[in-house]
Each structure stands twice: as structure tokens, then as C-alpha cells.
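Work through the exercises below with the sequence and the coordinates open. Each task is followed by a solution in steps.

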Amino acid sequence: MVDELLKQAKLALQLALDAGANDAVAGLSDGYSTSFTYRDGKLEEVKQSASRSLGVSLYVDGRYSNHSTTDLRPAELKRFIQDAVELTKHLERDPFRVIPDAKLFANRAQLDLDQVDRKASELNRDRGLEWLREMDAEAHADTRVISASSHLGYGYTASARVTSNGFSGTRESTGVGYGSSITLDEPGGRRPEAGRHVGHCHRDALPEPVTTAKEALRRAVERLGSTKAPSAKAILVIDPEAGSNVVGRLIGAMSAGAIQQKRSFLANKKGERVASELLTLTDDPLIPARQSSRLFDGEGISARVMPLVENGVLRNYYIDTYYGKKLGWDPTTGGTSNIRFGLGTKNQEQLLADAGSGFYVNSWLGGNCDGTTGDFSLGIRGHKIENGKKTGAIGEMNITGNVLELFSNLIAIGNDPYEYSSYGTPTLVFKDVQFSGQ
Amino acid sequence: MPSAPTLDHPFLQWFGIDEAIIHRVIAEAMSRGADFSELYFQHVRHNSLSMEDGIVSRASTGVDQGVGVRAVMGDQVGYAYSESLELASMLRAATAAATIATGSNALPPQAISLRATPNHYKLGRDWDSVSVTERLPLLRKAEAMVRSMEPAIEKVSIGWGDSDERVLVATSDGTLCADRRPMARLNISLTALKDGKRQSQGSSLSRRIEIGAFSDERLRELCKEAIDRTMILFDAIRPPAGEMSVVLAAGASGILLHEAIGHGLEADFNRKGTSIYSKLLNEKVAPDFVTVVDDGTQENDRGALNVDDEGVATEQTVLIDKGVLRGYLHDRISARHYGVKPTGSGRRESFRHVPMPRMRSTYMLGGPHSYDEIIKSVDKGIVAETFTNGQVQIGAGDYTFYVKSGWLIEGGKITAPIRDVNIIGNGPETLKNVVMAGNDARIDYGQWTCGKNGQGVPVSTGMPSVLVKKLTVGGVNG
């Protein structure tokens, strides 16, 4: 399929140049997916998707615009691109808007990223339904279950991209994911809910479907009898599945766009300590068999391993061509791929024992963070930690603070990175965190 | 095939379809015994512009079109879509959707007739007729206004978007209806520098309105709002942590209704028994002065719809009437489950998505108290005034919303501005704890988007000033 997409992308690029663009970028993406939802003993939803769309970026006399369409009929497409070039002529000139430097396309890693597994994308429908029946049965293995819903999805995506200054690249990947969400009855009218969902580009990288449902049920049962604890300043232990919500706030502030627009609490901090020395973060696009791995980024820049934070010191920013030009900095890459952590030596059980008391958080409920100041306030769900162990469930509580202060209070890191997300976050332990509750 | 009257609507031509094509695709979707099916044709053209550092240097346009085919069997759904409107592609989608049913007793399709719809968003000018050279000056003007009003503003970023959407819904029970939906938005984001510190905030306006609605006066209000919201943050503190009284300021505080009540009353959750409100219908859940509605008929509102995405007329649905829980928000499937009329709440993000019960414009009617009275009654608490986002857990009923700015109340008086706190509460408990409601109800015109099962739809929300006796406020422990 990628060859066909590449051919179409080249045609679109030529249309843009013919219509008067000085430079242009064209990208085609295509994909298909199937999903099933099974609830309380029967199939509830079947969905099939197939999508193809075109995106073009145009550079016309120092002006820039980008456009997308799903109407790819040749005559319609030609008119669409001509109109787009015409529109661009009416915009304002922006001296910083140039096509990415062709030098950045060079030295692309020669590596098989191993992101295609036909066992994932071409799953047999009957086998899939069999899994769902097994998951559904397992998810109901408790008399308190009111409703359980299990989901399975799988598919394939491919894309091709070409630029008028010589870039050409294609990608393809498969994906399969499943999980269950479960609601329980609790005396007093509350209906606690929890779930577990996993996804990967390789079928064999995932746990068995029935194990996933069993874990979802265990988590839902664990939510029973949730209480609101008193407000306190205490230790916070974050589960690997929940960690990206706080780590993502730190990484979001590393974007050149945020820095140039004066909306980053990490501006002017390159080379400075921004976290406890336990924190080492690397952006690693070249890990095989990961959905977020890539050989080139969204601008075509060849992918490189990039240190972000080393022993607490900020090493790099995410810099794309446009904001790089505005800031006078060389581009690195515009966006994240996989986030790899420097790991500790202990598992979660040992870290909880070391913590002694405090709160363990395994999911969030709302909240936000101000990217300019780093001030945050987040709703939490999890458990109390008493005598070095997880005890009763807690909810309806918040943590409040500042991202830089939080990461300077990082006191331990686990050896247990999360496998099913681009953020391989291990268990994180912070001291002196402000909890609000009763 | 019934000998139907010739259908006539400009959108049929727009999508290149006719009654015979609709019949064939519906018949295919029903071919394995589904009891209902529907085709959702959609064409959206959107434009956006953004201005940073004084230059409008980024413009985007997009066209998205396709048809979603749904086959329904009881509460089971088969769904597929096609971006191509060629008959063969549509039939392929219909065949895939049909697989939800496993029989062969296909019902014969009904003759289709066009149903007229009201128009809740009449525009003097369609967005299709507006050129980019008419949009550009609005952004420049807004930037100049901000610059002239407040010298401490370091960065101004202005975002613009408008869209023109054509929808045609054809159902197996013989209805065809069309809707043309405009939308426009203007967002102003600011960063200010004062005494070496920076703060960012902004404002937005998004409704189903025409370009003429962005008058100088409206732009000035929006700029002033963005500036005031940003500058107040320099003096703002974090309130104490824990449970306290919360006064929800009129307007945008409707986010509380959306999270604490609205989602829990979407009938799909109740049909499945997964909402905390599942057994509370016709129960007294709030004081007498609390009446909450969800309304698709507010003129030019962001949440308004002439017809929902299942071809059902929209209405004003009463959720809580004088403190008593009266109704759910229904789509076709849940309405059939409960044996009631659908409420025109079946919505979807696009033709790629399955419709579900969703909110439109959710607001609470005014109450008996004045704002001053409400503030005076609070010994220790906060006023929540501007918000960014919220979330709810349907079953447990716990919800949150993030307060970007507000005020501290001590001894019945406002004493200091506050910022950046998350508030968390429980839906039914919050309703019981509403102790006062102001006579200052209004709908917020900001750009609210509601997310559910990965689908975003435009909504709006509104409220009078309301005092809730006890909520958990994120803050610092003394």
C-alpha cells in the first residue's frame, strides 16, 4: 500500500508546484481498523473503518498554509490545491516560515523498526469474538458486577510523505488492543468503576485477553469502599500506568513553541537542574517494535536519540524548523517519540515499604497544569499507604503544587517501566506533596 | 421498492445521491435482519487562521466528507463508513454494518419523505461566501486592541476558525432531513510579564454565528476579558486545601452541571446501569429552586441543533424540575429501551462515529438569591470564576473541574484572588448541598467541547451564581 500512497503524494506535490507554490510538502495516510464491543453476554457494537486523507503544506512567496482533504477525486483534488495556493497568496509574509532544511533529512537510521505484525492487523473475526466472550465471562466473575464491557480493536495504518526539496519517506504499522471496563454495585448507591486496556503493534507482546479482564475486575473490586482521607502533606507514589500525566507536564514545557511564546516554565533552563538527580529522561525514536518509534519525524528530520534530562539537568528542547528559526536555534525534532527513563533497582512493593505512609495513585480524575508557571492541581484515585503497604481505596481528593518543585522532590524510581505506552514510566515516589481531602 | 414521490432537496444533489441510491444502501444495511438503519451524509468545509508575534502566518483549510452507515438490532449496533460516495463503496460499508444481525428477514424499506426542520441558526451570510481577506482584519484588529489596552502583555496569540457543515440523515423508517450547521470561533491567548514573573490566560467566543457578529464592540469585550483574566493571576494565591463552601459564579460555572449532572443523565449509562443516577428518576435530588435543562433550541448557540445526528427533532429537555429528577437524554436506542420519545440528543463527532446520547446546551434557571447575599452568607470558602476543563466518573459520581481563577471568601467578604485549583465533588451529594441560587443566570459563550468515548462535540453551558455548601478544593495545607 505504501508505494501507492507515495505515488499519490508525488502527484499532489506536483499539483501544488504547478499551481504556483515555491515549495510544498504532501502527505497521504491510509488505514483500516475493526473493533468490537461486547457487553454483559452479547455483542454490542461492530465497527469497521477505512480512511484515506491528504495533507499539503504550501510555501508561496514567503507565505505559508496547510490543508487537508478526504475528497481525493482527481478533478476535485486539483481544484482544492489550486484554491489553497490562491488563498495562501492573501496571507502575510513570515520570514521564519521556510521548508525544513534538506540537510536534516540525511543519515536516516538504517534500521527495521519492526512495527508490522499481520497477526495483529488481520485477526480472525471468530477468534476475536471468542476472546471477547472469554473476557466478558471473566469480567463477570463477581456477583457485584452491574455491567462489564470488553473491547477489541485491530488495524493497520500507512503513510507517505514527500517534499519539494527532496524528502521522501513511508511508514506503516499495525496495532491491536483490548481491555475491559467494569462497574460494580456498592451499598449506598455508588457504582465504582475501573478497567484495564492494553495495546501494541505486535499481537504476541500483549498479555492474554482473559488476564486483562481478570486484572480489570481486580481493580474494580479494589475501588469498593473508597473514602476521602484528611488533607495532608505526604509521600506520593505513582503507578507506572499513571505516571505519564505528571512526566508529560515536564516534557510539554520542553517545546520550542511554548518557549518562544513565553509559555514554558523551562525557558532559560537548559543546562540547569530542573529535577532531582534521580531523573534521567531520553527521547528514543529508534526502539524496535514500538508504535511511537520512527525513522524520521513529522517534518522529515532524521530521528536521533535525544537526552532530555540527565541526572536532573535539562539537556535539550524539542525544536522544530519554525520555532527554531524564530529562536535562532538548530532544529532537533518537533515532537516526542518514546520516552525512556533511567531506572532504579527496586520494584513497587519495595518502594511502598520504603515510603511507609502516604498515598499511592493509579489513576487521575481531571485537573490541569499551567504550562507558563508549572502550577498544577490534579484529581487523584488510588490507595492509602500504611505501614509500607497499600490499604483502603481513596478518591475525591486532589494534589496541588508546581511541576519543578514536584520533580525536585522525586526521591525514588522503580525498575518497572510501563510497556504499553510511548512513555515507559516506572513507579515514581515524591515527598512533601500537598493532598487535599476532608 | 415503493413508488415514492420524487424527493427534492439541494443536498441530494450536493452529495450526488437520490432516493433510489438511499434505498439500495439502506436495504443492504438491513439485509441480515436489522430492525433499523440509517445513513448519515456529512460534508464539512473548515477554515482556520492564527496570528502570533503580530503576523497572521498560518492558515489551514480542510474538506471532510463521507457517509456513515448504521444497522441497529435492538441495542446492538453495526457501523461502517465510507469517504467515497460512490455506490459501490457505500454498499461495502452497508454490508459491513449489516453483520451485527445474523438473520435474513429483511424488512422492506419505507418510502422516504423529506421532513422540514426549524432553523435555530439563521445567518445573514453563509461562511462559504466569506473570503480570507475578510477574516484577516478581525485578527489584526483584536491584536491591536490588546496591545493598546495593556502594556504588560508580552505575547498575543489569536486563533480563528469557522466551518460550514452539511448533513443529510436518511432512515429506514422513511425520514430524510437536512441541516446546514455553521460554527465560528475566536480565541485570544495572552502572556503577560510583570515584576519578572509571567502569567498566561485567554478568552474565547464560539457560537453558530456569522462574520458580522464579530463587531468591534464584541472584540473589545473579548480582549478585555482575556486581559483581566491574565492580569489578576499575578496577585492570586493558592487557597487552603480541603473541604469548604464554593460559590460558582454565573455563566461558565455551568461546567459543574455538565460534569456533576449532565453526563450521569445520558440514558446510555442508565440503560446499562452504570450511572449513579440509574435509580433516582422522579426522586427529589436538589432543593426546589433547582431546575436544570438541556436545550438544543437556543438561537445561534454553540450547542444548538436543528435536528440531531439521528434525524430526530431537538427540544428543550427538562432534567431536574424544581429539585426532582425528571428525565434522561435519549438517543433512538435508549428511547426505545425506555419506551419514551427520543429527546433529540443523539449526536456524533462525524460520519466516522456512532451516535450516542449527548448534551447540547446545559443550563440551570435563575434562583431567588442575589449575588451579594450569597457571598455574605459564606464564612470560609472560594468563588470559582473561570475554568479550563472537567471530568466525571459516571458510576461513582465523582467529578472534577479545574478553576483557573476565582476569589477567596473570608467572613462574608471577598479578600483575595486565587488561581489554579482543581475542585472535586460527588454529583448527587453536590446537588443536595446546593443551598442558594442567584437571580443572575446566563449562558457562557466560550468554546466548550464535550468528550465522551473519544468523540468531541460542541456544547455550551450556563448557570446563575450558586452556593454549594461543601466541595473539596485543591490547595495548600497551612
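**Exercise 1.** Which residue is the bridge partner of A:His67 in strand 2 of chain B?

Solution. The model is a predicted one. Start from strand 3 of chain A, which covers residues 63-69. This strand pairs with strand 2 of chain B in the parallel sense, over four bridges. Within strand 2 of chain B, the partner of A:His67 is B:Thr61.

**Exercise 2.** Describe the side of chain B that touches chain A.

Solution. Begin with the counts: chain A brings 62 residues to the contact and chain B brings 66 residues. Next, find the element of chain B that gives the most to this side: strand 2 (residues 55-73), with 12 residues.

**Exercise 3.** Work out which strands stand at the edges of the open sheet of four strands in chain A.

Solution. Write down the strand order, 10-9-8-11, with antiparallel pairing. Strand 10 (313-314) and strand 11 (339-341) of chain A each have a single partner strand, so they stand at the edges and one side of each has no neighbour in the sheet. Now take one pairing from the sheet: strand 8 (residues 281-283) of chain A runs antiparallel to strand 9 (residues 306-310) of chain A, joined by three bridges. Across this pairing, A:Asp283 lies opposite A:Met306 of strand 9.

**Exercise 4.** Locate the largest nonpolar core and one of its residues with the most contacts.

Solution. The largest nonpolar core holds 176 residues. Among those with the most contacts inside it are A:Ala26, A:Val237, B:Val246 and B:Ile382. Strand 16 (residues 398-410) of chain B gives the most to this core, with seven residues. For A:Ala26, leave out residues up to four places away in sequence; the residues it touches then include A:Ala9, A:Leu13, A:Leu54, A:Val56 and A:Val162. Another core, of 65 residues, lies apart from the largest one and includes A:Leu132, A:Leu152, B:Ile17 and B:Val354.

**Exercise 5.** Compare the radius of gyration of chain B with that of a compact globule.

Solution. For 478 residues, the radius of gyration of a compact globule would be near 23 Å. Chain B has 24 Å, which agrees. The C-alpha atoms of chain B fill a box of roughly 75 × 55 × 35 Å along the principal axes. Of the 478 residues in chain B, 58% are buried. Among contacts in chain B with a separation of 6 or more, 75% come from residues 24 or more positions apart. Finally, list the secondary structure of chain B: 10 helices and 21 strands.

Conventions:
Residues numbered from 1 in each chain as written. Chains lettered and ligands numbered in written order. Predicted model: local features only at pLDDT ≥ 70, side-chain atom pairs only at ≥ 80, totals over all residues. Pairing = 2+ DSSP bridges. Helix = DSSP H or I, 4+ residues; strand = E, 2+ residues; numbered from the N terminus. Core = buried A, V, L, I, M, F, W, Y, C linked by C-beta atoms within 7 Å. Buried ≥ 20, exposed ≤ 12 C-beta atoms within 10 Å, placed from the backbone. Contact = placed C-beta atoms within 7 Å. Rg over C-alpha atoms; globule rule 2.2 N^0.38 Å.
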